[in-house]
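Dear colleague,

Here is the structure that I promised to pass on to you, and below it I have written out what was found in it. Please keep the model open while you read, so that you can look up each place as it comes.

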Amino acid sequence: MSALPESINPFHGPIRSLVTGIGGADMIISRVNSLELGTGIYLSSKAEDAFVIAYQLSDLPSYEVWNDGRHTQRPAEKKSAFKIFDLHLDTLAHIDTSFDFLLIHVPRPALIALADSNDVPPIDWIATQSRDSKQDPVLDGLHPSVLHLLSHPDAHHRLVREHLMLTLLSHVATRYGGMKSRRASVGGLAPWQVRRAKEALGDDLGTNISLADLAQHCALSPSHFSRAFKASTGLSPFAWLQRHRVERVKDMLRHTDVSLAEIAISCGFADQSHLGRLFARQVGTPPGSWQRAQRAGQ
């Protein structure tokens with residue numbers, strides 16, 4: 001190309017993204033679509049030590065790509081197809097038609113850190129594809145959750161986002177990077193680690209504590225901590241936090257006359273409707289009905 005056109009970086013531009021730090025680098029998921037960006041756009045990425053997975057949310061007609069200035073006409077891709085690209089070259093893509101896809105940015109340091117935390121031989125690559133797209137039932141199953149988090153970034157605890165990102169990274173590293181199974185099964189946490197983790201989660205129910213912070217309290221890596229916490233408690237850290245929040249709600253419903261809206265904020269929920277949905281799902285009845293039944297039985 002004679003002159004570089006104006007372009008958008010899908011990982012650092014005006015695009016909704018989920019970001020989680022892993023191994024000192026940011027794993028990023030962005031939704032890129034013509035409804036928000038228009039057609040005829042250029043997407044660009046400077047050379048870096050990372051990979052990107054492009055997952056199609058709709059059919060994508062043929063498009064143009066330049067890698068370090070070398071032009072390629074990419075074939076059309078079907079909905080639910082995905083491709084893995086190595087970002088070691090400056091990349092520019094031109095899409096003339098409507099489009100809608102997820103881009104999952106996987107930095108090489110995150111792959112290395114994941115293998116290290118699982119005590120398995122290091123991996124620093126994932127298999128890329130030259131032309132043919134593939135399909136992956138795990139990505140098919142996870143992408144609705146990704147879309148929900150992108151659409152409601154403030155409605156969920158940070159632990160939900162981090163757990164989803166770690167799940168995606170682990171799947172990609174195992175299936176496409178050849179990461180081996182852990183050499184030994186992970187047991188539970190020591191009693192002092194369980195106590196410290198529960199204290200960190202329960203001290204402030206509205207906290208946005210990260211998986212990395214919780215793991216640091218227990219002197220473990222995030223992935224090791226997450227598995228060991230579930231082995232000890234039967235729940236993921238976020239599921240335990242949600243159950244603890246509901247128990248706090250029950251206590252306030254029994255012993256105070258505070259409004260449900262105030263209880264929701266006090267117990268770390270986004271709002272009263274968020275509290276009502278989770279309470280009914282866990283307890284089987286709305287909080288107001290539960291409170292009336294409790295007081296009628298006293």
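Ala219 sits in the loop between α6 and α7, where helices (H or I, at least four residues) and strands (E, at least two) are DSSP runs that are numbered from the N terminus. Its phi is near 60°, a positive value in a residue other than glycine. Ala219 is also exposed, because its relative accessible area is 64%; here buried means under 20% relative accessible area, exposed means over 50%, and partly exposed is in between, with a 1.4 Å probe and protein chains only. Asp68 likewise has a positive phi, of about 50°, although it is not a glycine, and it lies in the loop between β5 (63–67) and β6 (70–74). For background, most residues other than glycine have a negative phi.

Please bear in mind that this is a predicted model, in which local features need pLDDT of at least 70 and side-chain atom pairs count only at pLDDT 80 or more, while totals for chains, interfaces and linings use all residues. Residues are numbered from 1 along each chain as its sequence is written, and side-chain values use heavy atoms, with hydrogens and water left out.

As for the whole chain, it has 11 helices and 10 strands, and its C-alpha atoms fill a box of roughly 80 × 45 × 30 Å, taken along the principal axes. Of the 298 residues in the protein chain, 44% are buried.

Two pairs of helices deserve a look. The axes of α5 and α7 (residues 222–233) come within 11 Å and cross at roughly 100°; axes are lines fitted to C-alpha atoms, for helices over the stretch in contact, and angles run from 0 to 180 degrees between N-to-C directions. The two helices α5 and α7 are therefore roughly perpendicular to each other, given that angles under 35 degrees count as roughly parallel, over 145 as roughly antiparallel, 65 to 115 as roughly perpendicular and the rest as oblique. In this pair, Val194, Ala197, Lys198 and Leu201 of α5 meet Phe225, Phe229, Ser232 and Thr233 of α7, and contact means heavy atoms within 4.5 Å.

In the other pair, α3 (residues 137–151) and α4 (residues 158–177) pack at an angle of about 155°, with their axes 11 Å apart, which means that α3 is roughly antiparallel to α4. The residues that make this contact include Leu142 and Leu149 of α3, and Leu164 and Leu168 of α4.

Where is Ile209 found? It is in the loop between α5 (191–202) and α6 (211–217), and at 10% relative accessibility Ile209 counts as buried. Leaving aside neighbours within four places in sequence, Ile209 is in contact with His157, Arg158, Leu159, Ala200, Leu201, Leu214 and His217. From Ile209 to Arg196 there are 13 residues in sequence and 13 Å in space, C-alpha to C-alpha.

Finally, a word on cysteines. Cys218 is buried, with a relative accessible area of 0%, and Cys267 is buried too, with a relative accessible area of 0%. The structure holds 0 disulfides, a disulfide being a pair of cysteine sulfur atoms within 2.5 Å.
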